Structure formats: structure tokens, C-alpha cells
Amino acid sequence: MSSRREVAKHQNVTAAVHAEGGKICMQILHAGRYSMHPLLVAPSPLKAPISPFKPWGMSQRLIRATIDDFANAAALSREAGYDGVEIMGSEGYLINQFIAPRTNHRKDDWGGSFENRIRFPLKIMRKVREKAGKDFIVIFRISMLDLVDDGSTWEEVEQLAFAIEAAGASIINTGIGWHEARVPTIATLVPRGAYIWVTKRLMGKLKIPLIATNRINTPEKAEEILREGFANIVSMARPFLADPDFMRKAQSQQADEINTCIACNQACLDQIFRGKTASCLVNPRACKEFTITSPPITSHQSTNHQSTNHHKVAIVGAGPAGLSAATELAAMGREVHLFEASSEIGGQFNMAKRIPGKEEFYETLRYFGKMIEKNGVVLHLNTRVDADFLIKNNFSEVVVSTGVVPRTPNIEGITHPKVLSYLDVLLHGKPVGKTVALIGAGGIGFDVAMFLTDHKSESINNHQPSIINHQSIPHYQSEWGIDQTYQHRGGITKPHPEQPERQVWLLQRSKGKVGERLGKTTGWAHRMTLKSRKVQMWNEVVYLKVDDAGLHITVHGKPQLLEVENVVVCAGQESMRDLYAPLVTAGVKVHLIGGAKEAAELDAKRAIEEGYLITTSNY
Ligand code: FAD
Ligand code: NAP
Ligand code: SF4
């Protein structure tokens, strides 16, 4: 928002929000040394560890011009109909780079002492207030916990908050962690509400309201934070991608119908970092509202359940793909019969939810369970169906969402009793020894390694009922070295990783870094966790044979014997779609989705999206 030309475009947004009774503030963010641009600028010419470029140190003239730019953007945003702005002073962006000694090595009036380092944010705050007017909302986001060396002390955070309030802020928001911090702050493995204690430290000290952030994804959590005095306001972002009706459902006591953000980042942040449009794994409509249209799969849709066979749809397999298709088709008025061979819905999500740090996956199953009930899907659990049954029962259409079966690699001794599949470990709770080699280091290999090296896995292994969100905040803080007492600048201390009871080897045949295909914004945290748990991650492995002695391999061409008690196979999957051909031959209209369609590169994002897409004209 640097010129008047942009105002009209923004008015489309503000008008739409106001028409729904909402208020909207525009965030003003200067990325400083995080800019993906060779001409990036910063207080000092210090390269960020996550950037390929070294920034140019800002001249005093540029600093003054940048302050004016912030104020100009705020004034223009007012013209565009915004109710306020948020000044992004955290996450390691430009303003934060001035505040912290880590990135501000200047010797002039803009660096050195604390007073000098906070001159830039204070001047921005004052100028924004002056240009945008007294009655304009100005939220200032302060980094209250930097999670990097040479960040701010708590005393500095407090002093800055007082000064920002005095300079005219309306609200202070909590920023947590710089982007270069090696602590995950928003991923699924971060417990819900893991950072509300930070905001609480400031509560009662200022006159203006405070906002709590990070991993707040349900109305219940939000209410708890407000009720227990952790903050005056809560903020959420990704939960509104997952469910745009979040607020309406929360207000009308239908929280159990909310499609909960599971903090996976797979379809939102990971997409953005690949230069693609954001969407949402659990809500494939997100950000595609105008590119995907929804006429029914065929012309014979009905709006009630008094359907003839012509409208009777069978869905085979209640994994994410089948659940998504069932929800959509039933919402369109079809008579939907959902057949599931096992005793519960969810398919592979029933394994994913058991991985420590992935407890949020329960929520997706809760949501789909509620939706199929609400939309009148007839659910047949413990029912494995075959093609004959489907043909005899005259379904007008059949959706084959039967998923995948684990691949069994062709290795000598693969039937040895010490060889288990990931299903044996995660689903059937088979006992696993203290030394384990994992064949395959994809997403599932990583998850199995996480499971086997986590203290919680024993109870899960014994099939104790797991509870939602049993992630413990103290355990997370200790594992990642987050220090609530701020002994050191930035609030970090020495991490105390899990001391696993097992020695695990995670193996792959290919050359690249182990885990390099994991999610862009979360993969590094998985790799760090396993490294801290002393999991051996080896590439360029050739599997020779399994016998009583263990797993015989070569590593980079050198023979080696891993004397392990168990070998767990996590070598990908193959599609299961034996129903498909006979149905096609019998002339039944069949849709093939999810893992049944294609096992390679399958993930829940694709499975859920394909279930949705069959109901649209984009299919
Ligand atoms: P499935 O989930 O395999 O479901 C198929 C269903 O069909 C099963 O319930 C099966 O019982 C049923 N079925 C099969 N044949 C019949 C029949 N003849 N009659 C009746 N029912 C039948 N993906 C991600 O995107 N992100 C993650 O973080 C992630 N983590 C994972 C962690 C683990 C441990 C695992 C195992 C998987 C993970 N995945 C993840 C992958 C994701 O779960 C799958 O991509 C997704 O479940 C595929 O969905 P689907 O519906 O195609 O198949
Ligand atoms: P995957 O990611 O394709 O990994 C399969 C692994 O098995 C690879 O390491 C592969 O590496 C190895 N492999 C393949 N064929 C083999 C063979 N014949 N013999 C020995 N090794 C073989 O599959 P996955 O781990 O089963 O995961 C399935 C899907 O679920 C993935 O698409 C993934 O995206 C998704 N998932 C995602 C997450 C997440 O956190 N986002 C978590 C779990 C699962 P080499 O060929 O190099 O040996
Ligand atoms: Fe949340 Fe994952 Fe959807 Fe992003 S993709 S909004 S993290 S559920």
C-alpha cells in the first residue's frame, strides 16, 4: 500500500468484510533481511541464516523514508476503508531487526543502547498515529519471545511495550519466535496454547488490551484463554482457512461442526513457499472459491433422501478420500452408503493420530464423523464389500476410495519374524524391540521413528485410549529449550531432548538428504527431533538380507550388519483398487479417488481434495 492507485483494490476487501459485520485491519510488514530479493536492506549488513542474500545496511535517510512509508501505508489503508492497521514488529522482520542486538550492530543513533534500538519502532508508531488519526485502530506486534540468541530480554520487552503504548498504540499483539529460530512455534507438534504464558506475563501492566497467539485453533481454547486471564483478545489465522464458518458455528453452539485446523502447514504455508496459492488440507475449497464451481457429478441430483437407485451412491472405504466424498455427496442430497471394512472411520488417519505430536488428526475424524451423521450418510462399519455386492445392489454410482496397501520390498528374508510393517507397529500394537531399523525414510518412516523414540509410545503401543491433545507444554519446552524464566536473551536455553529407550536407524536407498521431501516449513523440525533422539539417518543404503543376526546392508558401498531386534518396513504403498475393473466391465459408473487412484505422492491433501472434486465441474 504505497500509492493511492492501490486503494480501490483494497476497498473490495474492506467492503466485503464490513458487509458481513466484521472489522478489518491491514498488516504493514517490512521483511528487512528476510526479503527474498538481492537488494534487501536491514539495520546492519548481516545475512540471515535462512536467506541466500546479504542485506545492505540502511542509511539514515532510508531509515527516515521507511518510517514515512509505514505512516503513508497506514493513512492510505484508512482511505481504503480499513478500521486499523497492525504494525509487524516481531518474527525477526525489519522492526525486530532494529530492536535486537543480534541484528542491530549500528554505531549511530539507531543502534547500540536499548533507547537507540527502539527508536525506529517508536518513531513508526508515533508517525502512524499522527497520519492515520486518533480514532484509528493501531495494533503493534511486539516480539515477546525471540527464541534466538541475542534477542531481547524480558525487561526490554516490557519497556518496549510501555513505550509503544505511550506512543499511541491501541492494542499490543504477541509475536513469538523469529523465522530463523530453530524452535517450531506453529506446527502440529506444538501443543495448543503453548505460548499464552508469554502474553500473560504482560497482563495487568498496560492499559491497552493484549492479544495472545500461536496454536489457538478451537473456540474452547480461545474461551479458556480469556476466562483464565491469559489475554484480552485471541488471534487466529489458519483456523479460518480450515473453516470459514468458524465464528458462526462457535456463536451458535455448533463448535463440534467446526473443521479444525490441524496445523500441518501442508496446503497453506508450504504452498506459499513453493510460490503456489495457499489452500487448506482439510478444506480444499479454501482460496479456490472462484476457480472451482460445484455442479453435481451428474445431472441427476436430488435434494431429498427419497432417492431412487438412480441417486444411490456407494462409497467404498472411509479414509480421508471416502469421508470427503461422502460428506460432499450427501450434502448435495444424494443417498450415500459408506462402506468401511474396519470398525472405525478414518483409514490411515487412525495411524497418523497415534503419532506423538499429531494428535490434532483426531479433530479431522471428529469433524467428518459429525458431518456424515449430519448429512445422513448411511455408514456400514465392519463391512468389506466386493464388486458382486456393488453390482447386485444397483448403485447408480460407486466411488472407490479403498486406499493403499503397504509395499513389501523384494529383500531376502523379508518374511523373517523380526520384520514388521508400519501397520503392525502403529495399528496392531505389536511389541517392538530396543534396536530397530526402518526401511524407508518418507513421511511414514519419520513418523514411525518419532513414535518409537517417544516416551508416550509405550502406552499407545498397549492400545490405551489416547486423548486429544495430550501434548504436554512443559515437555515441549524442555525438548526445544524454551525458557519461561528468560535467563538468557531471547528466552532460549539448552534443550533437553527425549532420551529414547530405543536405538533407531532410519534408512533410504536414494542419495539425497534423509527427509528432504518432508514439508518445507515442518520437515526441519522433524529432522531436528530425530537427530536429538540420536536416530541414525543413513542414505545410499542397499538392503541385502534379513536373518537372525539382523539387517545386512551396504552403506555407500560398504557392507554392514545392523544387529537389530526388529526391522520395520515403511517402503511406501501400492494402490488397492481390485474393485475397479469388474465394476467398469459391468457398466457401473465408477469414480476412483485417493490412494486407490494413485499411491505415488499420495497425501491427505490430495485424498480429501479428490473426494471433494468429484462433486464439481472441475472433475
Ligand atoms: P486410506 O486412508 O488408506 O483409506 C482407505 C479405507 O478403505 C480404509 O479405511 C480401508 O479399511 C477401506 N477399505 C479398503 N478396501 C475396502 C473394501 N473392499 N470395503 C470396505 N472398505 C475398504 N498424510 C498427510 O497428508 N499428512 C500427514 O501428516 C500424514 N501422516 C500420516 C501418518 C501415518 C502414520 C500414515 C500411515 C499416513 C499419513 N498420511 C499423512 C497419509 C494419509 O493418511 C493418506 O494419504 C490418506 O489416508 C489416504 O486416504 P485414502 O482415503 O485414499 O485411503
Ligand atoms: P514415501 O514418502 O513415498 O516414502 C517411501 C520410502 O520408501 C522412501 O524413503 C523410499 O526411499 C522407500 N522405498 C520405496 N520403495 C522401496 C523399495 N522397493 N524398497 C525399499 N525402500 C523403498 O511414502 P510413505 O512414507 O509411505 O508416506 C506415504 C504418503 O503419506 C507420502 O506421500 C507422504 O506425503 C504422506 N505422509 C506425510 C506425512 C507428513 O508429515 N506430511 C507423514 C506421513 C505420511 P528410497 O527409494 O530412497 O529408499
Ligand atoms: Fe491448518 Fe493445515 Fe489447513 Fe494450513 S493446511 S490451514 S495448517 S489444516
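**Ligand surroundings**

Mentor: The shell around ligand 2 consists of 8 nonpolar, 8 polar and 6 charged residues. Please keep in mind that this is a predicted model.

Trainee: Which residues are closest to ligand 2?
Mentor: The closest are A441, R509, S510, Q573 and L602, among 22 residues that surround ligand 2.

Trainee: What lies 2.8 Å from an oxygen atom of ligand 2?
Mentor: That is a polar side-chain atom of R509. The backbone takes part as well: a polar backbone atom of G443 is 3.2 Å from an oxygen atom of ligand 2, and a backbone N or O atom of G442 lies 3.4 Å from an oxygen atom of the ligand. The protein covers 76% of the 900 Å² of accessible area that ligand 2 has on its own.

Trainee: Which helix gives the largest share of that shell around ligand 2?
Mentor: Helix α17, residues 443-452, with 3 residues.

Trainee: Why does ligand 2 lie between domain 2 and domain 3?
Mentor: Because both domain 2 (299-406 + 574-616) and domain 3 (419-455 + 498-571) give residues to its shell.

Trainee: Turning to ligand 1, how many residues surround it?
Mentor: There are 37, and the closest are Q266, E340, K358, G595 and A604. By class, the shell around ligand 1 holds 20 nonpolar, 11 polar and 6 charged residues.

Trainee: Which backbone atom lies 3.0 Å from a nitrogen atom of ligand 1?
Mentor: A backbone N or O atom of A341.

Notes:
Residues are numbered from 1 along each chain as its sequence is written. Chains are lettered from A and ligands numbered from 1 in the order in which they are written. This is a predicted model: local features need pLDDT of at least 70, side-chain atom pairs count only at pLDDT 80 or more; totals for chains, interfaces and linings use all residues. Side-chain values use heavy atoms; hydrogens and water are left out. A residue is near a molecule or strand if one of its heavy atoms lies within 4 Å of it. A polar contact is a pair of N or O atoms within 3.5 Å; within protein, one must be able to donate a hydrogen and the other to accept it, and residues adjacent in sequence count only if both atoms are side-chain atoms. Accessible areas come from the Shrake-Rupley method with a 1.4 Å probe; for residues, only the protein chains shown count as cover. Helices (H or I, at least four residues) and strands (E, at least two) are DSSP runs, numbered from the N terminus. Ala, Val, Leu, Ile, Met, Phe, Trp, Tyr, Cys and Pro count as nonpolar, Asp, Glu, Lys and Arg as charged, and the others, Gly among them, as polar. Domain bounds come from an automatic or database domain assignment.
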